[in-house]
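Here is a friendly walk through the contacts that hold our attention in this model. Have the coordinates open as you read, and follow along one region at a time.

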There are 4 protein chains.
Amino acid sequence: MSYKNIKEQAYEANMQLPALNLVLFTFGNVSAADQQKGVFAIKPSGVPYEDLTVDKMVVVDFDGNSIEGNLRPSSDTKTHAVLYKNWSAIEGIVHTHSTYATSWAQAQRAIPIYGTTHADHLTVDIPCAPPMSDEMIKGNYEYETGFQIIKHLEALGLSYTEIEMILVGNHAPFTWGKTAQKAVYNSAVLESIAQMALFTQQINPQAPKLKDSLIKKHFDRKHGDGAYYGQE
Amino acid sequence: MSYKNIKEQAYEANMQLPALNLVLFTFGNVSAADQQKGVFAIKPSGVPYEDLTVDKMVVVDFDGNSIEGNLRPSSDTKTHAVLYKNWSAIEGIVHTHSTYATSWAQAQRAIPIYGTTHADHLTVDIPCAPPMSDEMIKGNYEYETGFQIIKHLEALGLSYTEIEMILVGNHAPFTWGKTAQKAVYNSAVLESIAQMALFTQQINPQAPKLKDSLIKKHFDRKHGDGAYYGQE
Amino acid sequence: MSYKNIKEQAYEANMQLPALNLVLFTFGNVSAADQQKGVFAIKPSGVPYEDLTVDKMVVVDFDGNSIEGNLRPSSDTKTHAVLYKNWSAIEGIVHTHSTYATSWAQAQRAIPIYGTTHADHLTVDIPCAPPMSDEMIKGNYEYETGFQIIKHLEALGLSYTEIEMILVGNHAPFTWGKTAQKAVYNSAVLESIAQMALFTQQINPQAPKLKDSLIKKHFDRKHGDGAYYGQE
Amino acid sequence: MSYKNIKEQAYEANMQLPALNLVLFTFGNVSAADQQKGVFAIKPSGVPYEDLTVDKMVVVDFDGNSIEGNLRPSSDTKTHAVLYKNWSAIEGIVHTHSTYATSWAQAQRAIPIYGTTHADHLTVDIPCAPPMSDEMIKGNYEYETGFQIIKHLEALGLSYTEIEMILVGNHAPFTWGKTAQKAVYNSAVLESIAQMALFTQQINPQAPKLKDSLIKKHFDRKHGDGAYYGQE
């Protein structure tokens, strides 16, 4: 009973993935965490979205141990666990194989900041973490994927509270946020930015990146003390 | 009560944006103006389309001051205000981040006039205004965006009554028209032209532009005294 | 009353265009002819598909004169009239600005026969008629468009009973067939072939065309005396 | 009565093709086999999906002879028959002209293994069988298509139980599996992989293939004794 809230959040957020056209079959998962309790609810592995219910969500602790639920949690559960354990300010994570973002991940390229749609959400290229070493892959793979994400952001000097999305090279995108719903929002935004960045390159292979003043202006419109977008 | 008409028009026109697949989440806005009264109704900032109602539309004057409504108007309100104040023949404006048009804007390229679909609506390449100076960006950004649009059309010797769409470099498209509905129509037309222009380039990088006689013929079919398209 | 049949056919066929995602707004039209009576029913000009009814179809003779109906017929009516008058074996014509076919038309390139989907329907590249001379454009434009189509097929030594689709350079596709329904089918097939041909080129710029034996095999499976596709 | 089971399976699986956006009109077919009885149920030729019923499925033996049903079976029936006769472990086959997979087939290129979405399903490039010789095409074409598929897998040293999808050069994809449902699943996965591989190439023409350790890891997550994806 005590996990009802995060199970409902995880269920609702998972159901948004097919509605937003971000997943084929079961190729994606969302979790919703309670940082106070040190647990998160996540999609069960390989269950079609149309068969999901709140009760089928699996509750797991930040070491990846199942706490509640009869089903096996997502095969990516340990990646989620590592991120929650290390990033105390987030309570939602999304992993998809959405078409355009995954194509950039497969191309092993960060997504250049070409326009204000991008700058409305982050001030730098969307990072692409390099594929892991063979040792990490052969070892505790999903666990290491979490650390690969954390280390890549650190190597770039970026904060996970400002940069809420990343590509894992050869693999696919991960996004996160204060809530599962925000993480889903970030996944859809990333997919749109990835699509427009591909077309921008095709229209003009020498397209320059956005200039600093415009990056700052658009980001500040939506974020920080002087933000004036939205109703809050 | 006196603004009921433009609020209804603005509501209906805003709801067409998701129906026409021109927006993700809240990334777009439409306004409907009354040039006689010097006011326009516009979408509130950051409110999801599914939550919109006629009553949530915000009425603003041509200097961008709120006249009626409890919500904060779109963050792009001052751009709309500048255009209405300077262009007395228009009563509708649309701003979106639609995929293909935004990609051309990010590429900082005008859309070449490649076919009759384009010529049915305008006789020149769809202009792309250059990004603004740092001073303009750091200053009254949305207000300056309006002037950037006006100045770019003037620099090209184009009339806003004939050219009802523009790309703002690095940013996204703006369209306008005699009514909000016509401005929405122009947004969808622009998106289709932008998509076909990209594919045309990919099929034939040396594709020539439309020749003058064909441009004139198609534009005149739909516009001016000799027009014979439609029922009027 | 005597034209009820072709008006119903024209109505049904026109309504398929938005259902098959082949038109934006009113950018397309279908006609259904009765070669015995020398008349055809066609979409009224500029009327949105959602407002169409059987009664709004306009009946026109093969010189383009309105015979029945209160509305102005499609602005492309004379092109249809010329084709029906010269090609006695067809009773359906479709014109659209569908995205991929129009992009090839704008690129002024015939669509290479790259695969069996293409060969199932025709044995040669999908022709692209060159833009007309300035004189033809300034003159009786839609009438001349019909002759441009006829002359281009003749110049290529092709028969309109075997080749039921063409691109008009800088403009868009026309398709036809024994019935309006078959002409609509051809429009959707053309759009799919045009899309796959673009992607084929992008995947392999040196992609060879289909070899003769495979072209003949696939076309004969669906057409001619030895056909064994379908139930007839 | 004895074929009710495979007819129902074939019907359900065929109806998934339009739902998954894998077919235009009738350009695809699914069969469901009973290896014990040496028969399979397949879509009738040229019948629109909206007109299909369980009773319209045609039951055919592994030499392609009709056993039950009033309609002519799919024109590709002999290809299915050859595969079932030679591959005793499969009971489902799908053929489509899905947009992206067909484009790779037309380009006559195997689809490079660029990412984990691909490696989740197979460990090698998706094979593309070369077009057949003129003799094979002019002869028993659909029968020879089956052998072309079998021979190409053998030439590459691949097992049909591990590699459940192939492109036939200049033609289109075939997929198979233990059930018709699994074969349909494979068709949708192939289409998604084909789409992302095209975009990956466009983003980075030098994109490297997935490294061996990552291929192995992802395949083993879903397949074999140590698999930990899903609920079984």
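Helices here are DSSP runs of H or I with at least four residues, strands are runs of E with at least two, and both are numbered from the N terminus. Please keep in mind that this is a predicted model, in which local features need pLDDT of at least 70 and side-chain atom pairs count only at pLDDT 80 or more, while totals for chains, interfaces and linings use all residues. Residues are numbered from 1 along each chain as its sequence is written, chains are lettered from A and ligands numbered from 1 in the order in which they are written, and side-chain values use heavy atoms, leaving out hydrogens and water.

**Helix α8 of chain B**

Is α8(B) largely enclosed or open? Eight of the 11 residues of this helix (212-222) are buried, so the rest of the structure largely encloses it. Buried means under 20% relative accessible area, exposed means over 50%, and partly exposed lies in between (1.4 Å probe, protein chains only). Among the buried ones are Leu214(B), Ile215(B) and Phe219(B), along with Lys217(B) and Arg221(B). The cover over these residues includes α4 (116-119) and α7 (180-203) of chain B, and also α5 (134-138) and α6 (141-155) of chain C.

**Chains A and B**

Contact here means heavy atoms within 4.5 Å. By that rule, 35 residues of chain A are in contact with 37 residues of chain B. The two chains bury about 3,000 Å² between them, and carbon and sulfur atoms give 56% of it; buried area is the accessible area (1.4 Å probe) lost when two parts are put together, summed over both. On the chain A side, Ile203(A), Tyr229(A) and Gln231(A) lose the most area to chain B, together 22% of what that side buries.

The interface holds three salt bridges, a salt bridge being a side-chain nitrogen of Lys or Arg within 4 Å of a carboxyl oxygen of Asp or Glu. In one of them, Glu142(B) meets Arg221(A) with the closest N and O atoms 2.6 Å apart. On the chain A side, α4 (116-119), α7 (180-203) and α8 (212-222) each supply at least two residues. The most come from α7(A), which gives 11 residues.

**Chains C and D**

For this pair, 35 residues of chain C are in contact with 37 residues of chain D. The buried area is about 3,000 Å², with 56% from carbon and sulfur atoms. There are three salt bridges between chain C and chain D, and Arg221(C) forms a salt bridge with Glu142(D) at 2.6 Å, N to O. On the chain C side, α4 (116-119), α7 (180-203) and α8 (212-222) of chain C give two or more residues each, and α7(C) gives the most, with 11 residues.

Which chains do not touch? Chain A and chain C do not, their nearest C-alpha atoms being 12 Å apart. Chain B and chain D have no contact either, with closest C-alpha atoms 12 Å apart.

**Salt bridges within chains**

Over all chains the count comes to 40 salt bridges. Here are some that lie within one chain:

| Glu68(B) | Lys7(B) | 2.8 Å |

Asp63(B) sits in the loop between β3 (58-61) and β4 of chain B and Lys85(B) in helix α2 (77-86), so their pair ties together parts 22 residues apart in sequence. Asp220(C) and Lys216(C) both lie in α8 of chain C, four residues apart, about one turn of the helix. Lys216(C) counts as exposed at 53% relative accessibility, and Asp220(C) as partly exposed at 31%. Elsewhere, Asp76(A), Glu142(A) and Arg221(D) are linked in a network of salt bridges.

**Aromatic rings**

Rings of Phe, Tyr and Trp (its six-membered ring) pair if their centres lie within 6.5 Å; planes under 30 degrees apart count as stacked, over 60 as edge-to-face and the rest as tilted. The whole structure has 44 aromatic pairs over all chains. One of them is tilted, joining Phe40(A) and Phe62(A) at 6.1 Å centre to centre, with 35° between the planes. Both Phe40(A) and Phe62(A) are buried. Finally, Tyr100 and Phe199 of chains A, B, C and D form one aromatic cluster.
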